[in-house]
Amino acid sequence: MKKILNAAQLKIIALISMLTDHLAVCFAELLPEWGYNVMRGVGRLAFPIFCFLIVEGFEKTSSRLKYCLRLLVFALISEVPYDMLMHRAWFYPYGNNIMFTLMLTVLVLWIVDVLQKKGTPGIIAALSIAIAAGVAAYFLHLEYSWKCIAIAMLFYVAKNDDAVKYAGTACILLINTTITGLNAVFALPLIYLYNGKKGKTQKYFFYIFYPVHILALGIVKCFLI
């Protein structure tokens with residue numbers, strides 16, 4: 001099958017999916033149940049694509065430290081808007097935005113990349129750290145918590161083994177999920193169509209789009225609905 005999607009196009013698909021999901025959250029009280037479910041189902045496509053793109057970004061960035069810091073800064077900027085949209089609160093410690101999860105995932109990939117070069121002891125240590133990070137993400141209530149780290153690890157470690165990579169990711173996505181959450185597996189064929197090219201994209205567009213759109217929707221949900 002011809003690979004026809006570049007990174008920029010995958011990112012646009014993920015952004016549209018995420019926006020659809022957040023619109024459903026914002027206008028949940030005004031939508032019919034079937035409309036809400038359809039929009040949340042479409043929204044499930046974003047997560048696996050972002051997991052894949054975070055690995056691509058990690059492997060191609062010129063500075064892993066700057067990559068982590070950029071994710072951390074925008075995670076902090078996005079937290080209040082995220083809490084407003086998702087929980088109608090200025091601060092809600094039991095649900096934190098996915099930028100924190102992506103930042104932690106990059107840190108784990110960085111550590112794994114260093115340790116795996118040290119042979120079997122390093123691989124065991126890397127696996128232990130990845131598991132510990134997944135547990136920490138769960139108890140810190142980071143969005144998608146351990147699933148994000150596990151899927152990113154699969155994309156990174158099994159990058160040359162499609163069977164392991166896609167079957168493993170599908171299994172993770174289907175663990176403890178909702179009916180609409182099952183739609184996440186339909187992102188995998190889109191990822192398979194990735195051609196390895198960057199495409200035309202604005203470096204900071206996603207980072208800016210994320211807090212801006214959830215702030216706008218959070219204001220609507222908190223004060224107008």
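## Aromatic pairs

The structure holds 15 aromatic pairs. Rings of Phe, Tyr and Trp (its six-membered ring) are paired if their centres lie within 6.5 Å; planes under 30 degrees apart count as stacked, over 60 as edge-to-face and the rest as tilted. The model is a predicted one, in which local features need pLDDT of at least 70 and side-chain atom pairs count only at pLDDT 80 or more, while totals for chains, interfaces and linings use all residues. Residues are numbered from 1 along each chain as its sequence is written, and side-chain values use heavy atoms, with hydrogens and water left out.

Phenylalanine 52 and tyrosine 194 form an edge-to-face pair, because their ring centres are 5.1 Å apart and their planes stand at 75 degrees. This pair links distant parts of the chain, 142 residues apart: phenylalanine 52 is in helix H3 (residues 46–60), and tyrosine 194 is in the loop between helix H9 (187–192) and helix H10 (205–224). Helices are DSSP runs (H or I, at least four residues), numbered from the N terminus. Both phenylalanine 52 and tyrosine 194 are buried. Buried means under 20% relative accessible area, exposed over 50%, and partly exposed in between (1.4 Å probe, protein chains only).

Tyrosine 204 and tyrosine 207 make a tilted aromatic pair, with 6.1 Å from centre to centre and 55 degrees between the planes. Tyrosine 204 is partly exposed, at 40% relative accessibility, whereas tyrosine 207 is buried, at 8% relative accessible area. Both tyrosines belong to one aromatic cluster made up of Phe50, Phe74, Tyr204, Phe206, Tyr207 and Tyr210.

Elsewhere, lysine 3 lies over the face of tyrosine 192, 3.3 Å from the ring centre. A charge sits over a ring if NZ of Lys or CZ of Arg is within 6 Å of the ring centre and within 35 degrees of the ring normal.

## The nonpolar core

The largest nonpolar core has 65 residues, and those with the most contacts inside it are Ile54, Leu71, Met99 and Tyr210. Such a core is a set of buried Ala, Val, Leu, Ile, Met, Phe, Trp, Tyr and Cys residues joined through side-chain atoms within 4.5 Å. Helix H5 (residues 98–115) supplies the largest share of this core, 11 residues.

Not counting residues up to four places away in sequence, tyrosine 210 touches Met18, His22, Ser78, Tyr82, Asn97, Ile98, Met99 and Glu143. Contact here means heavy atoms within 4.5 Å.

In helix H2 (residues 33–43), the buried residues are Gly35, Met39, Arg40, Gly41 and Gly43. Their cover includes helix H1 (7–26) and H3.

Leucine 154 lies in helix H7 (residues 145–157) and counts as buried at 18% relative accessibility. Its contacts, leaving aside neighbours within four places in sequence, are Lys159, Val164, Lys165, Gly168, Thr169 and Ile172. Leucine 154 and cysteine 51 are 103 residues apart in sequence, with 9.9 Å between their C-alpha atoms.

## Salt bridges

There are eight salt bridges, each defined as a side-chain nitrogen of Lys or Arg within 4 Å of a carboxyl oxygen of Asp or Glu. One of them joins arginine 88 and glutamate 29 (3.1 Å, N to O). Arginine 88 is in the loop between H4 and H5 and glutamate 29 in the loop between H1 and H2, so this bridge ties together parts 59 residues apart in sequence. Arginine 88 is partly exposed at 38% relative accessibility, and glutamate 29 is exposed at 56%.

Aspartate 113 and lysine 117 also form a salt bridge (3.7 Å, N to O); aspartate 113 is buried at 9% relative accessibility, while lysine 117 is exposed at 65%. Another bridge joins aspartate 162 and lysine 165 (3.3 Å, N to O). These two residues are about one helical turn apart, because they are three residues apart in helix H8 (residues 162–174). Aspartate 162 is partly exposed, at 34% relative accessible area, and lysine 165 is buried, at 7%. Asp21, Arg40 and Arg44 are linked in a network of salt bridges.

Aspartate 83 is found in helix H4 (residues 64–87). Aspartate 83 is buried yet has no salt bridge, and the nearest side chain of opposite charge, lysine 221, is 11 Å away. For charge, Lys and Arg count as positive and Asp and Glu as negative; His and the chain ends are not counted. Leaving aside neighbours within four places in sequence, aspartate 83 is in contact with Arg88, Ala89, Trp90, Phe91, Tyr92 and Gly95.
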